Amino acid sequence: MSRPAPIHPEPLARDAEGRPYSARYGDIYASSAGALGQARAVFLGGCGLLDTPSAWTGRRQFVVLETGFGLGTHFLATWQAWLADPARPDTLHFVSVELHPLAATDLIAACADPSLLPLAHELAAAWPPAVRGLHQLQFAAGRVKLTLALGDVREVLPRLDLGADAIHLDGFAPARNPAMWEPGVIKAAARLARPGARLASTSVAHALCAHLEQAGFTVSKLPGYGGEAARLQAVYAPRWRTRRLEPRAAATSVERHAMVIGAGLAGAACAQALARRGWTVDVLDADGAAAGASALPAGLAHARISPDDDRLARLGRAGLAALLAALPEPERHALWQGGGLLLAEPGSALPDLSAIAAALALPPSVAEVVDAGEASLRAGAQVTQGGWWPAGGVAAASSLVRAWLATPGVRLGGAQVHRLRRAPTFTVTHPGSSSHAIADWQALDAAGRVLAQAPVCIMATALDAARLLSASGLAPSGPCLQSLPLRAQAGQAFLVPASTLPQLARLQRPLAGDAYVLPLPPAALQSLGLPAGETWQLLGATYEDDPAALMPIEAAWAHIAQGLEPLVGALPAAPPAEARVFRGVRAVAVDRLPCAGPWPDWEALARAKPAALQRPADELPPLPGLYLSTAMGSRGLTLAALAAECIASHIEGEPAPVERDLLAALAPGRFGLRRTLRDAPPRA
């Protein structure tokens, strides 16, 4: 099992003249004539952002891609220019790759100019832990979004999913840091460039110019900044089509109206993600808000740790960050109790866990190994095992669903959707652009009446997704294809007054081993109408494969108590008389990962050449406007907001919140594709 290279924060050094300096690369971070001046003259000016009109004038969104975040000067200067421009785009996306990030305090200490300090303080306050992967930070009420991609640029760039309007090639001089300027890096950046994208760099090395021209850029050299002889500008204008995956395009031809089928965690998260972007969203669910498994008053959300930092570990980190970013104000503190949780491990396993944490260089804010004594102090209750103390906490699940559905622009309707169909096309003309033909999706009841229609439809119907696809004629057909292999998994949990469990009466943090116990957030207490002054705890949960034959209550309680016994000791043999029982059915995919993303056009795939079957699952031709968000299993709180962001970013043409391999792992068409590849005839 290979372990990924860890990310280590870079200590800030100074050269003899006091300028920010990297001892690793033996070079200063910016021009000796001034970092802000260089950022504006070379990079913002080189990409047309200081022109009149600016390159981003009249745009709904604008995406900047940068290699080498460094001191953050380019981002701060671009943010500053965005604030100062009345014709700025609605949303500014800035995606930057960095292998050796500075600490948050050093971003302030090394700020390039006093005018940037207020923005630098905001950046430092939101600065993520130094862990590999994509970290999305939001500023200016979500209108400025920084995606910090921590990792080696040679590995990270090919895995990004975005369309860049401007590219900053930076990262110390080629002689000091040659990895940043390799031909593969230039090709990867070109694959992410939208037509007409402008590129800027301080380097005018002959090899760099040659690589850019080979990748489809038209290169120019201009007078340099701060005494340098020249600087480089380029425009992406390839004379040939070379890439299999087109860069992400902004959705300018789609009416900003969507319908979401399903009002549980997955559907509510999708509705909120689009509504926060200015969409009108109709949500349909015959059972109303927060039914089924989403009716649970509270649940855990936390990152997973694995020695090889596998897909679930990476998705868990991204999912937790997306959940925290999606918590609505001012209900945030009522809906979420953070501060971590104890994921118990026997004492004999702690040295191994410590070694994993050290090998991955995980900071304490992400994961920390503590013994039973320290765990007891943090939890507020006596526990017999130590273990992980990762980022995470407890969310008021059903209350969160209702809060998301209360987002302005979201409209909830109670109706059962029997099937979907495509409506006849119609023409939409946007100001300043050409006309576009659009076909709405229509949701129909059993009598064929239209319940709602919109250009975008998101199915968040848990186990009903496979039936709805089949009833709509949208499932793959034929002996070589299968649709959506979901299975039902039932669960039971118990809500009890803390006073009935003396060893847990003073519990302050959730505990999880083979079962869990967690204190309820304030919003959950209020939604249940529980008496004030009493602490209530949720104990769960069972995992039962036959929802039609659930365990008896006594057996379910015994199962949960047995799971908690190694952690907190023996619990009563029967649930307290005051206990309330919650039951739900989870939708689980055969590979235990969610299904989130566009639904493939299986008819188009069937007509395609055999080579089309070799595409990754996230590159299958989609049915325009149709998306799925389902199969969250027991990780709905951790992953629903991330799934919603993946879908919303795809619809809007924004940079994706996770890497392409994770998008492929979540792609709803991955099962049909696997069946196709397995049953395809061998090549001659």
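On a 1 Å grid over the protein atoms alone, a cavity is a set of points where a 1.4 Å probe fits but cannot get out, and its lining residues have an atom within 4 Å of a point. Grid points are joined across faces, edges and corners, and a volume is the space filled by probe spheres set on the points. The structure shown here is a predicted model, in which local features need pLDDT of at least 70 and side-chain atom pairs count only at pLDDT 80 or more, while totals for chains, interfaces and linings use all residues. Residues are numbered from 1 along each chain as its sequence is written, and side-chain values use heavy atoms, with hydrogens and water left out.

Searching the whole structure in this way turns up five cavities of 30 Å³ or more. The largest cavity holds about 110 Å³ of space, and of the 16 residues that line it, V131, R132, D309, L360 and L362 lie nearest its centre. Sorted by class (Ala, Val, Leu, Ile, Met, Phe, Trp, Tyr, Cys and Pro count as nonpolar, Asp, Glu, Lys and Arg as charged, and the others, Gly among them, as polar), this lining has 11 nonpolar, one polar and four charged residues. The second largest cavity holds about 70 Å³; its lining has 13 residues, with V588, R592, M632, G633 and R635 nearest the centre, and strand β29 (residues 580-589) gives the most to it, three residues.

We turn next to the packed interior. A nonpolar core is a set of buried Ala, Val, Leu, Ile, Met, Phe, Trp, Tyr and Cys residues joined through side-chain atoms within 4.5 Å, where buried means under 20% relative accessible area with a 1.4 Å probe, protein chains only. The largest such core has 89 residues, and W404, I458 and L520 have the most contacts inside it. Helix α18 (residues 636-652) supplies the largest share of this core, 11 residues; helices (H or I, at least four residues) and strands (E, at least two) are DSSP runs, numbered from the N terminus. Leaving aside residues up to four places away in sequence, I458 touches M259, V260, I261, C270, L274, Y627, S629, I647 and I651, a contact being heavy atoms within 4.5 Å. A second, separate core of 42 residues includes L36, F43, F75 and L92.

In helix α6 (residues 183-191), the buried residues are V185, I186, A188, A189 and A190, and they pack against α5, β8, β9, α7, β10 and β11. Strand β6 (residues 133-139) is largely enclosed by the rest of the structure, because five of its seven residues are buried.

Finally, consider how strands are joined, given that two strands pair if DSSP finds at least two bridges between them. Strands β6 and β7 (residues 144-150) pair in the antiparallel sense over seven bridges, with Q138 having K145 in β7 as its bridge partner. These two strands form a hairpin with four residues between them, and A140 in the turn has a positive phi of about 50°. Elsewhere, eight strands form an open sheet of mixed pairing, in the order β17-β18-β16-β26-β27-β28-β25-β29, with β17 (369-370) and β29 as edge strands that each pair on one side only. Within this order, β16 (residues 342-345) and β18 (residues 386-388) run antiparallel and are joined by three bridges, and L343 stands opposite W388 in β18.

How values were computed: Buried means under 20% relative accessible area, exposed over 50%, partly exposed in between (1.4 Å probe, protein chains only). On a 1 Å grid over the protein atoms alone, a cavity is a set of points where a 1.4 Å probe fits but cannot get out, and a pocket is an open set with protein on both sides within 12 Å along at least five of seven lines; lining residues have an atom within 4 Å of a point.
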